[in-house]
Amino acid sequence: MMFSVLVSYISNNIGNKSVGLLDWKTSKSQDFIFILQESSKNKIGYVMQKALYTNILPLSASESLWYDYSKKIKEKEKEKINIQIINDLKKVGLLFSLIMYFLMSIIWMKFDIQTSNFQLFCLLTSVVSKLGELGLGLLFAIDGVSLPFILLVGVIMPIVYLSNWTTVERNVGKYVFIIILLELFLIAVFIVIDLILFFVFFESTLPLLFVLIGLFGATEKFRAGYYIFLYTFLGSMFMLLSFSKGSSDSGNTNFKSFDSMNFFTSLQELVWIVLLLTFSVKTPIVPFHIWLPLAHSDANVSGSIILASIVLKLALYGFIRILIGIYTIATVKLIPSVLSFCSLSLVYSSFTTIRQFDLKVLVAYSSVAHMASTLFGTFSDTLVGLIGSILFGLAHGFVSPGLFFIVGAIIYDRFGSRFINYYKGLSNILPLFALFFLFFVFGNMGVPLTANFLGEFLSLLGAYQQNIFVASLGALSIIISAVYSIFMYNRVTSGSISPFTIVVPDVFRKEHFVLLPLLFFTIIIGIYPYFLSSEVEFGLSNLLLFTPSIISFADHNNDDNRLRNTFSNLSFTPPPGGPWLIKNNF
């Protein structure tokens, strides 16, 4: 039956083999190809097509049509193979991140809070000879300070792959390779216990971020990449000089035995200020924040998630591990200046956030304000403030990626605009999206029963014990954050539907796998923080009590009263006979 239809169609439209070939090829080819495609559904379809092309049609027409049709079949097959390869590459990256997540979970379960030493040592003895000549070894270890940060990396990285699962279609191999290297380097920053290697891994993330934004960013991706690279790299050069000076004067670069008291006091303060400026660029603190809004606005969703959740926490970890843990005396003397610096950054970034009309830039500036709030607890000179700063950093690492995903992967991918005045009444057509958006806005505001509330409260409590005026400015920032958060949510979801809005599908299943884990950890830390705070508290206590610089200060100056006041702020009692007896614990 199909064969007779084909013959009738050809005879009626072509007729003589020598007449009408050009007209047939131009006006009738699409209908004929459709019939051939229909005929290919049965078993003899391919044979029938070949016979029709080579026997019935004129030679020129048959060869042309057969070539075109075969080319389309090959392109479709090639496209299917490419899609399969792309999916396989993404699955490899996702599987690697899940393996790392389970590994971090095992480390957390095996972690012993009853010991004051570093745990889970991993010494790589096969080190390059040049490193051996320099006295460097790849020594990795974990304590209560680094544990929550590597857990954060383990949770976020699978979400990074899922956030751009359908949007990244080109250079997928490079994309997966960059994310895998970033994960390894970020974990290494938090577990290495050598200053020089800390710098190496700290800076190794910069080229990868530059390539990630340059390959998969938006219109001004190259400018954003250069901003993030040049700003952070310039500051890091001074960090390398500081570490080199410390290595030459102290004789080693190990966190456990590095003694900053070999510096003169003025030199130690100078090194401390240089390191403060270096980490301030990475935090970032005003006026070193220029690169962050641009990097967020032009990075893809996965790049924004990595920046907001993990990269900004590198500076927080550096403040605690190096400035407070090693250069302790300079920290005690310069705390008032740092708090004043953070207060200006908090007020400026909070008011700047209110006037933003780009949704992604608004969330980026809110990150600047929240990171300034974490530093209130970091430099409060109290244990409760330090615990609050780490918990607040973790909370920001869960809430901010959720907001960036909502703004970039749901709103922008569906509607093609980040301009806040474009949207209105999205809750009428996207109710599930509006519900997720509401929860993350509550977390950004620091509503009770969220991790942000707990971290911000403890940070401000520590700052209150240090300076009431600074704590008052921090409390003012809570009100300002509520202003811009509620404005953003009401503008996007409330009211009648905007005439510019088109009807789009609600949250997909894959998007649930991104939002639900972030929301779960935000709430579980806010309700039951003890599963992390116990490790953090013991790690911070060890970091502060067993700091070599404090020990050396007591040993050289016999200023027991000042040290006892420091220990009383931490709710600890120094051992009888003088704090320098803690030296025996090393």
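Biologist: Which residues make the nonpolar surface patch of about 480 Å²?
Modeller: In this predicted model, a patch joins nonpolar side chains (Val, Leu, Ile, Met, Phe, Trp, Tyr) within 5 Å, or like charges within 9 Å, taking residues with over 30% relative accessible area and no salt bridge. Areas come from the Shrake-Rupley method with a 1.4 Å probe, and for residues only the protein chains shown count as cover. The nonpolar patch of about 480 Å² is made by Phe 233, Leu 234, Met 237, Phe 238 and Leu 241.

Biologist: What conventions apply to the numbering and the values?
Modeller: Residues are numbered from 1 along each chain as its sequence is written, and side-chain values use heavy atoms, with hydrogens and water left out. As the model is predicted, local features need pLDDT of at least 70 and side-chain atom pairs count only at pLDDT 80 or more, whereas totals for chains, interfaces and linings use all residues.

Biologist: Does Met 237 count as buried, partly exposed or exposed?
Modeller: Met 237 has its place in helix 10 (residues 221-250), where helices (H or I, at least four residues) and strands (E, at least two) are DSSP runs numbered from the N terminus. Buried means under 20% relative accessible area, exposed over 50%, and partly exposed in between (1.4 Å probe, protein chains only). Because its relative accessibility is 31%, Met 237 counts as partly exposed.

Biologist: With which residues is Ser 343 in contact, leaving aside its neighbours within four places in sequence?
Modeller: Ser 343 is found in helix 14 (residues 328-354) and counts as buried because its relative accessibility is 5%. Contact is taken as heavy atoms within 4.5 Å. Leaving aside neighbours within four places in sequence, the contacts of Ser 343 are Phe 376, Val 470 and Leu 473.

Biologist: How many aromatic pairs does the structure hold?
Modeller: Rings of Phe, Tyr and Trp (its six-membered ring) pair if their centres lie within 6.5 Å; planes under 30 degrees apart count as stacked, over 60 as edge-to-face and the rest as tilted. The number of aromatic pairs held by the structure is 27.

Biologist: How many residues apart are Phe 202 and Phe 279?
Modeller: These two rings form an edge-to-face pair, 6.1 Å centre to centre with 75 degrees between the planes. Phe 202 lies in helix 9 (residues 195-216) and Phe 279 in helix 11 (residues 265-282), so the pair links distant parts of the chain, their separation in residues being 77.

Biologist: Which residue forms a salt bridge with Asp 143?
Modeller: A salt bridge is a side-chain nitrogen of Lys or Arg within 4 Å of a carboxyl oxygen of Asp or Glu, and by this rule the count comes to four. For Asp 143, the closest N and O atoms are 2.6 Å apart, and the partner is Arg 321.

Biologist: Over the face of which residue does Arg 414 lie?
Modeller: The side chains of Arg 414 and Glu 511 meet in a salt bridge at 3.1 Å, N to O, and both residues are buried. A charge sits over a ring if NZ of Lys or CZ of Arg is within 6 Å of the ring centre and within 35 degrees of the ring normal. At 4.6 Å from the ring centre, Arg 414 lies over the face of Phe 508.
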